Amino acid sequence: HGGGRMATAHDVSPPLSLSTTFTCPEPGSDGHVYSRISNPTRERCETLLGAIEGTPSSPARAVLYASGLAATFGALSRLLPSRVAISGGYHGTHQVLEQLQRISGGANCNPIPLPTPEDAAAVLREGDVVWLETPRNPDCHVADVAAYADAARELGGVRVVVDSTFAPPPLQRALTLGADIVMHSTTKYLAGHSDAIGGALCVRDAALASELRADRSAVGSTPGALEVWLLMRSLRTLHLRVERQSATAAELAHWLDRAMPDLTRPDLAVGLVHSVAHPSLPSDPSHGVARRQMSGGYGGCFALELASEQAARSLPAALRLFRDATSLGGVESLIEWRRKYDDAISPRLLRVSVGLEEAAHLQEDLQRAILQVSAAA
Ligand code: PLP
């Protein structure tokens with residue numbers, strides 16, 4: 001898988017090339033020259049991620065970046081639309097749009113509200129980009145990728161980009177649903193251990209992949225080799241981690257949704273948790289679409305709306321197994337009062353990222369902390 005040019009053919013674990021430069025390759029050969037342009041560890045990891053995001057008969061082409069936002073910038077600066085149809089989601093993506101508007105003097109990347117797939121033909125026009133973050137950070141709303149991709153194809157000249165950070169393979173594969181580009185913050189589930197910032201774009205089109213690589217080399221948004229090696233190490237367990245995180249998140253979301261009023265002190269607990277958002281819940285507005293497009297599971301994150309801002313601010317500190325920290329997708333469970341980072345989010349919302357601890361232990365921790373915060377309230 002692309003690593004053949006390193007003299008390490010017998011290594012079981014992939015080798016790590018930290019070299020920034022390489023002895024000048026023979027004229028006409030395609031050897032590595034300088035690691036901002038290409039690097040054997042990165043090439044191998046891109047081959048692996050392409051295989052994971054594609055299908056066995058049709059691997060995708062992956063391009064790795066220094067961060068998820070560098071990947072977002074890479075996609076949008078290459079497509080350079082005048083309008084981007086987008087609905088909420090990660091606040092940093094909107095900051096990238098603002099940067100591109102600033103650089104272009106307002107000509108590019110102006111956000112417009114994302115129409116429903118049914119209204120897409122009336123609202124969208126050639127050159128637009130549809131940016132779908134699904135499931136969406138932090139409310140776990142699911143967008144119907146195939147419906148938008150079909151509408152874009154009918155319109156012609158509209159590109160669909162899917163930020164799949166919340167649901168990497170094997171949960172969903174948006175390229176197979178018709179997306180033009182899949183973007184990941186690899187910082188989250190793909191690297192999976194809260195120790196490597198990174199991003200990726202995955203595409204089918206070879207020419208687009210080459211353009212993205214040339215842009216990356218020109219602006220220098222390449223990831224470091226160590227981060228890429230950590231990502232490659234983690235991809236080897238991706239399916240095990242993500243399926244388990246997804247199953248545990250679904251179990252906890254169902255428990256919270258169903259059993260909240262029956263906690264051992266119902267007098268205290270009733271009403272503290274207002275609602276639970278996870279696409280696995282049959283009552284969730286996203287459930288129908290999620291069932292069709294998230295064939296491998298519904299994701300390892302869910303959101304809770306508590307009865308008051310005070311309760312939402314207090315719960316993270318009352319938990320022992322869930323760490324009060326931002327980010328998601330790591331092996332350790334995290335919870336955060338999302339309003340801290342994003343003004344657009346309800347002050348009663350908590351975002352939960354489920355790790356690899358025992359579901360029963362996490363449930364116990366939640367139950368104890370909810371009762372403690374209820375009692376204090
Ligand atoms: N997209 C989503 C959905 C995210 O949650 C994040 C980070 O939280 C990003 C993009 C940005 O990724 P990074 O922090 O790796 O730049």
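**Figure 1. Arg83 and its salt bridge with Asp128.** In this predicted model, Arg83 counts as buried at 14% relative accessibility; buried means under 20% relative accessible area, exposed over 50%, and partly exposed in between (1.4 Å probe, protein chains only). The side chain of Arg83 meets that of Asp128 in a salt bridge, at 2.8 Å from N to O. A salt bridge is a side-chain nitrogen of Lys or Arg within 4 Å of a carboxyl oxygen of Asp or Glu. The pair links distant parts of the chain, 45 residues apart: Arg83 belongs to strand E2, and Asp128 to the loop between helix H4 (120–123) and E4. Helices (H or I, at least four residues) and strands (E, at least two) are DSSP runs, numbered from the N terminus. Asp128 is buried as well, with a relative accessible area of 1%. Residues are numbered from 1 along each chain as its sequence is written, and side-chain values use heavy atoms, with hydrogens and water left out. As the model is predicted, local features need pLDDT of at least 70 and side-chain atom pairs count only at pLDDT 80 or more, while totals for chains, interfaces and linings use all residues.

Figure 2. The whole structure holds 15 salt bridges. One of them joins Glu211 to Arg78, with the closest N and O atoms 3.8 Å apart. This pair links distant parts of the chain, with Glu211 in helix H6 (residues 206–219) and Arg78 in helix H2, 133 residues apart. Glu211 is partly exposed at 34% relative accessibility, and Arg78 is partly exposed with a relative accessible area of 32%. Within helix H5, Arg153 and Asp150 lie three residues apart, about one turn of the helix, and their side chains form a salt bridge of 3.3 Å, N to O. Arg153 counts as exposed at 55% relative accessibility, whereas Asp150 is partly exposed at 37%. Glu46, Arg213 and Arg216 are linked in a network of salt bridges.

**Figure 3. The annotated residue Lys188.** An unreviewed UniProt entry places the feature "modified residue: N6-(pyridoxal phosphate)lysine" at Lys188. UniProt positions are given in the numbering used here, feature names are shortened, and annotations may be inferred rather than shown by experiment. Lys188 is found in the loop between strand E6 (181–185) and strand E7 (199–203). Lys188 counts as buried because its relative accessible area is 15%. Leaving out residues up to four places away in sequence, Lys188 touches Thr165, Ser327, Leu328 and Gly329, where contact means heavy atoms within 4.5 Å.

Figure 4. Asn137 lies in the loop between strand E4 (129–133) and helix H5 (145–155) and is buried, with a relative accessible area of 7%. Apart from neighbours within four places in sequence, Asn137 is in contact with Gly89, Tyr90, Phe166, Arg338 and Arg351. The peptide bond from Asn137 to Pro138 is cis, with omega near 0 degrees. A cis bond also leads from Pro169 to Pro170, with omega near 10 degrees; Pro170 is placed in the loop between strand E5 (159–163) and E6. Most peptide bonds are trans, and most residues other than glycine have a negative phi.

Figure 5. Leu80 is not a glycine, yet has a positive phi of about 45 degrees. The residue is in the loop between helix H2 (68–79) and strand E2 (83–86), and Leu80 counts as partly exposed at 42% relative accessibility. Ser194, also other than glycine, has a positive phi near 55 degrees and lies in the loop between E6 and E7.

**Figure 6. The surroundings of Gly300.** Gly300 is located in the loop between helix H10 (287–293) and strand E9 (301–306). Gly300 is buried, with a relative accessible area of 2%. Not counting residues up to four places away in sequence, Gly300 touches Tyr189, Gln245, Ser246, Ala249, Val352, Ser353 and Val354. Of these, Ser353 is 53 residues away from Gly300 in sequence and 5.9 Å away in space, C-alpha to C-alpha.

**Figure 7. The two domains.** The domain assignment of the protein gives domain 1 (17–235) and domain 2 (238–376); such bounds come from an automatic or database domain assignment. The contact takes 33 residues from domain 1 and 36 residues from domain 2. The C-alpha centres of domain 1 and domain 2 lie 28 Å apart.
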